[in-house]
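Please study the sequence and the three-dimensional structure shown below.

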Amino acid sequence: MRGFLNSTIGASSIARSSIGITCATALALPLTLPVTTASAATATTKAATAIPGSTRSLPLVPLSGVRVLGTVPEEGLYRPDGEHFSLVGVVWQDPDTELQGRVQVRTRSAATGEWSGWQDLETHNADHGADPGTAERDARRVRGATAPLWVGDSEGVDVRVRAAGNTGGRGHRTDGARPSQPPLPSGLRLELVDPGQEAPPAGAPADAQADTPHTDLDSDAARAAAAANTDIARFGALQIPALSKRATERELARLKGPVKKGNPYIGPRPRIVTRRGWGADESLRGGGFAYTKKVKAVFVHHTASGNKYSCSQTPSVIRSIYRYHVDGMGWRDIGYNFLVDKCGTIYEGRAGGVTKAVLGAHTLGFNNNSMGIAVIGTYSTTKPAKAALTAIARLAAWKLGLYGANPRGKTYLTSAGGNLYAKGKKVRLNVISGHRDGYATECPGKRLYAKLGTARSGAARYQGR
């Protein structure tokens, strides 16, 4: 069940303008791609908003010339300069269509002018999103998408999308007949996200300028997002400070009422950087907030956006993911309830208040009565930092404690539909689960998933169990 806090806040309309593009390349490609010339394409640019930053959406073009029977469709785009971005992703028109193939990108550094090597974008990203049947999931602007990739300050891009070939998969035929549907999704577009830069608040020390982004409280949307945390923080706070366990227990009694008997079993409140603290442009998201009844479970994710970021860049990474989720994928807000970087800093994700049961879009089919924590990075083969695991445990111990849940326990959630569990199925899950426990996916990566037992025991210990 969802509750909505109605407000007069609306997502600001953002104009788009077209830019003619001529693309040509004669490069050696990692997928044995032919040398091609991309014909004219159109780039659409978001008009400047009150907060610096932008999303550019560029249509991909066929690279294989005239398609004949037996050829593998390829689309791409080459722009050696003229852009400014730090995160990339590929989106397409129908969110129910799977991209069966390979997406690779290389980028040109704005600092050195050097091209990076080719990097793969994770194509299986449909497992992140709002539940089927919800207004957010059924919105006409929702699109299919790859995972985003953080590439740092860049000014040139080269992207190639190649179908998997006639291997008998979805949309393919092996009997010599034409495919029943295009092997590549229609409407493929490259999203280039510039996170922008924000100045520190008035009076901040000089050494805080590099890592203290903020946004002004000059709109109804910004004021509403800040007000959602005034149950535990001052209005407009850039961060919510950590508390001792005893102070957290007193706060719990104030928020939820005195515990009738025994230990309240809540971990000490950790420090949390607010949306204003990481520089969220509140005009981008949908108006109002969506809530579920309670928080019974935590789903741990990785963003699959790569590990080539410094912790001082984390606010920029989050602003980029936020723009990609909203502008590129068509969601109402960033999908995760919280994000954690490799240095263990915790960030507020979806707006609505960190103590509240905010309905996210992180685990398709199981967003109701749960919350999503995303560790920024890719952890399929990379070991997660100890600081990140500690942050997961501390955050889970506190947030689950607000709702009386045991981090070492089990709980039942009802599936809203997915590739593991049918709609209406009651599923028994760990209170701290990985994304793959609710949906057949690689997320949160093999190496992070293997550490969830450590997170469970750590969270239980913080709660005093």
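Q: In which sense do strand S4 and S12 pair, and over how many bridges?

A: The model is a predicted one, in which local features need pLDDT of at least 70 and side-chain atom pairs count only at pLDDT 80 or more, whereas totals for chains, interfaces and linings use all residues. Residues are numbered from 1 along each chain as its sequence is written, and side-chain values use heavy atoms, with hydrogens and water left out. Helices (H or I, at least four residues) and strands (E, at least two) are DSSP runs, numbered from the N terminus, and two strands pair if DSSP finds at least two bridges between them. Strand S4 (residues 54-59) and S12 pair in the antiparallel sense over 6 bridges. Within this pairing, serine 54 has aspartate 194 of S12 as its bridge partner.

Q: How many bridges join strand S7 to S12?

A: Strand S7 (residues 85-92) is joined to S12 by 5 bridges, and the two run antiparallel. Here leucine 87 has valine 193 of S12 as its bridge partner.

Q: Why is strand S12 described as largely enclosed by the rest of the structure?

A: A residue is buried under 20% relative accessible area, exposed over 50%, and partly exposed in between (1.4 Å probe, protein chains only). In strand S12 (residues 189-194), 5 of the 6 residues are buried, so the strand is largely enclosed by the rest of the structure.

Q: In what order do the 7 strands of the open sheet lie?

A: The order is S13-S14-S18-S17-S19-S16-S22, and the pairing is mixed. Strand S13 (239-240) and strand S22 (432-434) stand at the edges with a single partner strand each, so one side of each has no neighbour in the sheet. Elsewhere in this order, S16 and strand S19 (residues 370-375) pair in the parallel sense over 6 bridges. Valine 298 has methionine 371 in S19 as its bridge partner.

Q: How is a pair of aromatic rings described?

A: Such a pair is described by the distance of the ring centres and the angle of the planes. Rings of Phe, Tyr and Trp (its six-membered ring) pair if their centres lie within 6.5 Å; planes under 30 degrees apart count as stacked, over 60 as edge-to-face and the rest as tilted. By this rule, there are 5 aromatic pairs. In one of them, the rings of phenylalanine 299 and phenylalanine 366 have centres 6.2 Å apart and planes at 40 degrees, so the pair is tilted. Phenylalanine 299 lies in strand S16 and phenylalanine 366 in the loop between S18 and S19, so the pair ties together parts 67 residues apart in sequence. Both phenylalanine 299 and phenylalanine 366 are buried.

Q: Which residues do ring pairs link into a cluster?

A: The cluster consists of Phe299, Phe366 and Tyr421, linked by ring pairs. Phenylalanine 366 is buried, with a relative accessible area of 1%. The rings of phenylalanine 366 and tyrosine 421 have centres 6.0 Å apart and planes at 85 degrees, so this pair is edge-to-face. Tyrosine 421 is partly exposed, with a relative accessible area of 25%.

Q: Which cysteine residues does a disulfide join?

A: A disulfide is a pair of cysteine sulfur atoms within 2.5 Å. A search of the whole structure finds 1 disulfide, and a disulfide joins cysteine 311 to cysteine 343, with an S to S distance of 2.0 Å. The link is right-handed, with 95 degrees about the S-S bond. Cysteine 343 is partly exposed at 47% relative accessibility.

Q: What is the volume of the largest pocket, and what is that of the largest cavity?

A: On a 1 Å grid over the protein atoms alone, a cavity is a set of points where a 1.4 Å probe fits but cannot get out; a pocket is an open set with protein on both sides within 12 Å along at least five of seven lines; and lining residues have an atom within 4 Å of a point. Grid points are joined across faces, edges and corners, and a volume is the space filled by probe spheres set on the points. The largest pocket has a volume of about 410 Å³, and 26 residues line it, including Pro95 and Tyr439. The largest cavity has a volume of about 110 Å³. It is lined by 16 residues, and Ala225 and Arg275 are among those closest to its centre.
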